[in-house]
Amino acid sequence: MVACIPTVSFQGVEVKPIEVEVQISGGIVAFTIVGLPDKAVAESRERVRGALHALGLSLPAKRLTVNLAPADTPKEGSHYDLPIAIGLLCAMEILPGAEMANYVTLGELSLGADIRSVNGVLPAAMHAAEHGKGLICPESCGSEAVWGGDLEILAPKDLLQLINHIKGTQVLTRPHAEQSGGPSSIYTDLANVKGQETARRALEITAAGGHNLLMNGPPGSGKSMMASCLPGILPPLSPRESLEVSMIHSLAGTLPEGGLLRERPYRDPHYSASLPALVGGGAKPKPGEISLAHRGVLFLDELPEFDRRTLESLRQPLETGQALIARANQHVTYPADFQLIAAMNPCRCGHLGDPDLECTRAPRCAGEYQSKISGPLLDRIDLYVDVPPVPVTELSALPHGEPSASVRERVIAARLLQKKRFESLGESLETNAEASGVLLEKIAPLAPAAQDILNKATETLKLSARAYHRMIRVARTIADLDGGPEIIAAHHMAEALSYRRPRLI
Ligand SMILES: Nc1ncnc2c1ncn2[C@@H]1O[C@H](COP(=O)(O)OP(=O)(O)OP(=O)(O)O)[C@@H](O)[C@H]1O
Ligand SMILES: [Mg+2]
């Protein structure tokens with residue numbers, strides 16, 4: 001008899017159906033797994049054998065063959081343990097094969113027959129719901145699976161609970177969806193930032209339109225502090241975005257237990273991050289920081305300290321909103337539509353332009369330091385702000401700034417205007433930063449004076465076509481923060497251009 005248990009494999013965020021076929025036949029006593037298993041899958045054998053032994057079952061002294069079909073898709077990870085064990089139990093006629101074939105199954109087994117949590121339960125649940133099947137997953141992932149749609153979910157603690165449920169001697173209740181609370185409290189409140197009006201305004205525009213921002217200033221001027229305020233002024237994820245982002249985090253194993261992500265992700269990798277850590281990939285493709293920052297913020301502090309090749313690898317995802325990882329045997333795509341926020345010192349000593357503090361090599365050292373960031377990468381930055389330090393003597397005298405909550409209200413209002421405008425044009429976009437050049441002509445008509453200013457700036461700042469479009473997008477966002485007039489006025493464009501630099505120094 002051949003038992004057939006459905007499970008899944010993951011290629012990027014794509015879910016591929018896999019059938020675990022188990023056959024018990026006569027011949028030499030053996031237990032083999034075929035169908036391109038990786039090391040973790042091959043080791044399944046020992047965990048499954050151990051788990052069945054813990055239940056007081058021993059494997060029949062026959063030839064046991066497990067085939068993971070289709071045979072040419074590489075299988076990675078430990079979530080095949082549970083379907084293999086269930087397949088064996090069906091082949092041994094302990095569980096009903098026909099009934100078990102109605103569930104997509106995934107989970108890792110311990111030697112004591114506990115079912116351990118695995119990555120990717122949310123996309124697997126969505127896949128099962130789409131195909132009219134139920135889902136069997138670890139108990140700890142049950143509340144994640146609930147978000148997958150309207151499907152039957154069995155989330156047992158261990159193999160025995162599952163067997164008892166199927167046999168009808170115990171009833172497993174459907175797991176509950178955990179409701180996460182309001183905005184996370186990890187971010188710094190903008191009220192703590194004193195002065196820095198230009199940078200605060202740039203931060204607000206960035207948040208409202210989903211733009212990229214670079215802050216440049218001496219040490220201790222508050223750049224990292226202001227960047228950490230950003231999560232507090234960003235709007236929450238829409239239900240559709242929430243599912244999309246949670247799916248990626250589910251695959252990476254970074255989804256908080258029991259729920260969907262409601263807040264926009266904020267990722268701030270250290271500058272020693274490697275290329276696969278940032279962009280994704282590695283021997284076993286995994287989402288990188290840019291994909292974990294999907295629909296949220298990627299903050300690169302001390303930008304020039306990042307490895308040059310790592311920084312250059314951001315160029316393509318910044319344009320396409322996707323990370324494409326090519327391997328000899330497979331191509332994997334992860335969504336990576338993020339806002340880039342970066343901070344840097346103007347030179348190695350950090351005090352360029354300050355006659356009291358700058359080093360003797362200025363301005364030559366600044367040129368060397370800043371040349372670590374390539375022109376094409378800088379071209380993708382929409383807003384550039386200088387962050388001069390607030391004099392220490394004034395810090396205590398200055399009043400507290402506007403709190404994050406009220407800035408967030410303006411940002412949410414501006415984003416709503418953008419969403420409605422896109423909807424009226426039949427587009428499913430969220431922010432101005434996503435609008436293509438063609439769409440810009442429809443959503444951001446320029447007043448003649450605004451066009452004039454932009455034309456002159458293009459000439460003097462030698463703006464590229466990309467920068468030209470980016471300036472119109474920023475101007476559109478500034479106008480949206482100003483009530484959302486249909487036509488972009490000259491002062492909106494002038495402000496947008498004030499955040500543009502041809503070169504850093
Ligand atoms: N405008 C400000 N208002 C209130 N506090 C400030 C301000 N600027 C700096 N600080 C204080 O200085 C500390 C250091 O700031 P921060 O770490 O953001 O500097 P930075 O610009 O990132 O420096 P570096 O270039 O060395 O990374 C902050 O945590 C805060 O306590
Ligand atoms: Mg800093």
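A crossing of two helices is called right-handed if the near helix is turned clockwise from the far one by less than a right angle, and left-handed if anticlockwise. In this predicted model, α19 passes α22 in such a right-handed crossing, and α21 likewise passes α23 in a right-handed crossing. The protein that holds these helices has 23 helices and 18 strands, and it is divided into domain 1 (2-167), domain 2 (190-406) and domain 3 (429-498).

**Overall architecture**

- The C-alpha trace of the protein extends over about 85 × 50 × 45 Å along its principal axes.
- Of the 505 residues in the protein, 45% are buried.
- When contacts between residues at least 6 apart in sequence are considered, 72% of them join residues that are at least 24 apart.

**Domain 1 against domain 2**

- The centres of domain 1 and domain 2, taken over C-alpha atoms, are separated by 40 Å, and 15 residues of domain 1 are in contact with 20 residues of domain 2.
- On the side of domain 1 that touches domain 2, the elements that give two or more residues are β1 (2-11), α5 (121-130) and α6 (142-145), with α5 giving the most, namely three residues.
- By class, the residues on this side of domain 1 comprise seven nonpolar, six polar and two charged.

**Helices α19 and α22**

- Helix α19 (residues 404-424) and helix α22 (residues 465-481) cross at roughly 115°, and their axes come within 9 Å.
- From α19, the residues that make the contact are Arg410, Ala414, Leu417 and Gln418, while α22 contributes Thr477, Asp480 and Leu481.
- This contact of α19 with α22 is made up of three nonpolar, two polar and two charged residues.

**Helices α21 and α23**

- Helix α21 (residues 448-460) packs with helix α23 (residues 490-498) at an angle of about 25°, their axes lying 7 Å apart.
- Because angles under 35 degrees count as roughly parallel, α21 and α23 are therefore described as roughly parallel to each other.
- In this pairing, Ala449, Ala450, Ile453, Leu454 and Ala457 of α21 meet Ala490, His492, Met493, Ala494 and Leu497 of α23.
- The contact of α21 with α23 has nine nonpolar residues and one polar residue, with no charged residues.

Technical notes
Residues are numbered from 1 along each chain as its sequence is written. Chains are lettered from A and ligands numbered from 1 in the order in which they are written. This is a predicted model: local features need pLDDT of at least 70, side-chain atom pairs count only at pLDDT 80 or more; totals for chains, interfaces and linings use all residues. Domain bounds come from an automatic or database domain assignment. Two residues are in contact if their C-beta atoms, placed from the backbone, lie within 7 Å. Helices (H or I, at least four residues) and strands (E, at least two) are DSSP runs, numbered from the N terminus. Ala, Val, Leu, Ile, Met, Phe, Trp, Tyr, Cys and Pro count as nonpolar, Asp, Glu, Lys and Arg as charged, and the others, Gly among them, as polar. Axes are lines fitted to C-alpha atoms, for helices over the stretch in contact, and angles run from 0 to 180 degrees between N-to-C directions. Angles under 35 degrees count as roughly parallel, over 145 as roughly antiparallel, 65 to 115 as roughly perpendicular and the rest as oblique. A residue is buried if 20 or more other C-beta atoms lie within 10 Å of its own, exposed if 12 or fewer, and partly exposed in between; C-beta atoms are placed from the backbone.
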